[in-house]
Amino acid sequence: MHIDIEIDTDVCIGAGQCALTAPEVFTQDDDGYSTLLPGQEDGGGSPLVREAARACPVSAITVSERVG
C-alpha cells in the first residue's frame, strides 16, 4: 500500500508544524508555505507523515492510501 500526500496551498498558512514533525518529508518554500521535499511525494515511508498532517493547524495536508 502506498500513500499520497496533498498540500492545499490555498489553505496553508505557513505555520511549519509539518516540517517540524516530519522534516525528512516536508519543508517550507521561500514564502514560508509547506511543500514536499523532492522525491517525498509518497512520504518516503516515514511513520510521521500522518502525525504531520494532524499537526497542521488549518488541515491543509491530506494523506490518503492507494493500492498498487
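**A close look at S46**

Modeller: Start with the side chain of S46: it makes a polar contact with the side chain of E24, at 2.5 Å. A polar contact is a pair of N or O atoms within 3.5 Å, one able to donate a hydrogen and the other to accept it; residues adjacent in sequence count only if both atoms are side-chain atoms. Bear in mind that this is a predicted model, where local features need pLDDT of at least 70 and side-chain atom pairs pLDDT 80 or more, while totals for chains, interfaces and linings use all residues. Residues are numbered from 1 along each chain, and side-chain values use heavy atoms, without hydrogens or water.

Setting aside neighbours within four places in sequence, S46 is in contact (heavy atoms within 4.5 Å) with E24 and V25. S46 counts as buried because its relative accessibility is 12%; the cut-off is under 20%, using a 1.4 Å probe and protein chains only.

Where does S46 sit? In the loop between β3 (34-36) and α2 (49-55); these are DSSP runs, at least four residues (H or I) for a helix and at least two (E) for a strand, numbered from the N terminus.

Now follow β3 (34-36) back to S34, one of the residues lining the largest cavity, as is I61. A cavity is a set of points on a 1 Å grid over the protein atoms where a 1.4 Å probe fits but cannot get out, and lining residues have an atom within 4 Å of a point. I61, in β4, is the bridge partner of I7.

How values were computed. Buried < 20%, exposed > 50% of the residue type's maximum accessible area, 1.4 Å probe, protein only. 1 Å grid on protein atoms, 1.4 Å probe; cavity = no way out; pocket = protein on both sides within 12 Å on 5 of 7 lines; lining within 4 Å. Pairing = 2+ DSSP bridges.
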